[in-house]
Amino acid sequence: MHRIFKATQYSVQGLHAAFKHEAAFRQELLLCAIMTPLAFYLGRSLLETLFLLATLVSVLVIELLNSALEALADQVSLEHHPLLGRAKDLGSAAVMLTLVFTTIVWIAIAIDPFI
């Protein structure tokens, strides 16, 4: 039980740090807060609603991973290094692909009844 408590504590600290230090995370969290009620409105079944919510959670998860990668890269060196730059770019690309996929899913579910 102690390990579970400590793991939960570390996770909450990570969420707090992301909210405090990462503007992109705050923006995406606001987007999720706005879109979550809409997921319950748009979803015509439990599965559709869960899928819409899953895309929102995936954006936050990938953003957390990207932020962790960027923090680690900045700790290693603040000087420009091609591999660190590539790592940061790859993390950013992961966030972008997740946002694009989320947008496609939401549009597809929103327009499905009209097709």
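Modeller: Contact here means heavy atoms within 4.5 Å. This is a predicted model, in which local features need pLDDT of at least 70, side-chain atom pairs count only at pLDDT 80 or more, and totals for chains, interfaces and linings use all residues. Residues are numbered from 1 along each chain as its sequence is written, and side-chain values use heavy atoms, with hydrogens and water left out.

Biologist: How many helices and strands are in the chain?

Modeller: Helices (H or I, at least four residues) and strands (E, at least two) are DSSP runs, numbered from the N terminus. The chain has four helices and zero strands, so the order of elements from the N terminus is α-α-α-α.

Biologist: What does the radius of gyration say about the chain?

Modeller: The radius is taken over C-alpha atoms, and the globule rule is 2.2 Å times the number of residues to the power 0.38. For 115 residues a compact globule would come near 13 Å, whereas the chain has 17 Å. The C-alpha trace spans about 50 × 40 × 20 Å along its principal axes.

Biologist: What span does H3 reach from its first C-alpha to its last?

Modeller: The expected span of a helix is 1.5 Å times one less than its number of residues. H3 has 31 residues and reaches 45 Å, close to the 45 Å expected.

Biologist: Which residues of H3 are buried?

Modeller: Buried means under 20% relative accessible area, exposed means over 50%, and partly exposed lies in between, with a 1.4 Å probe and protein chains only. In H3 the buried residues include Leu52, Leu53, Leu56, Val59 and Leu60. The buried residues of this helix pack against H2 and H4. As a general point, an α-helix has 3.6 residues a turn, so residues three or four places apart point the same way. Over the 115 residues of the chain, 24% count as buried.

Biologist: Which residues touch the most other members of the largest nonpolar core?

Modeller: A nonpolar core is a set of buried Ala, Val, Leu, Ile, Met, Phe, Trp, Tyr and Cys residues joined through side-chain atoms within 4.5 Å. The largest one holds 13 residues, and Ala39, Leu52, Leu56 and Trp106 touch the most other members. H2, H3 and H4 each give two or more residues to this core, and the largest share, five residues, comes from H2. Beyond its neighbours within four places in sequence, Ala39 is in contact with Thr49, Leu52, Leu53 and Trp106.

Biologist: How many salt bridges does the structure hold?

Modeller: A salt bridge is a side-chain nitrogen of Lys or Arg within 4 Å of a carboxyl oxygen of Asp or Glu. The structure holds three. Arg44 pairs with Glu48, the closest N and O atoms being 3.0 Å apart, and Arg44 also pairs with Asp112 at 2.8 Å, N to O. Arg44 sits in the loop between helix H2 (23–42) and helix H3 (46–76), and Asp112 in the segment after helix H4 (82–111), 68 residues apart. The remaining bridge joins Lys88 and Asp74 at 2.5 Å, N to O. Lys88 lies in helix H4 and Asp74 in helix H3, so this pair ties together parts that are 14 residues apart in sequence. Shared partners join Arg44, Glu48 and Asp112 into one network.

Biologist: Is Arg44 buried, partly exposed or exposed?

Modeller: Arg44 has 42% relative accessibility, so Arg44 counts as partly exposed.
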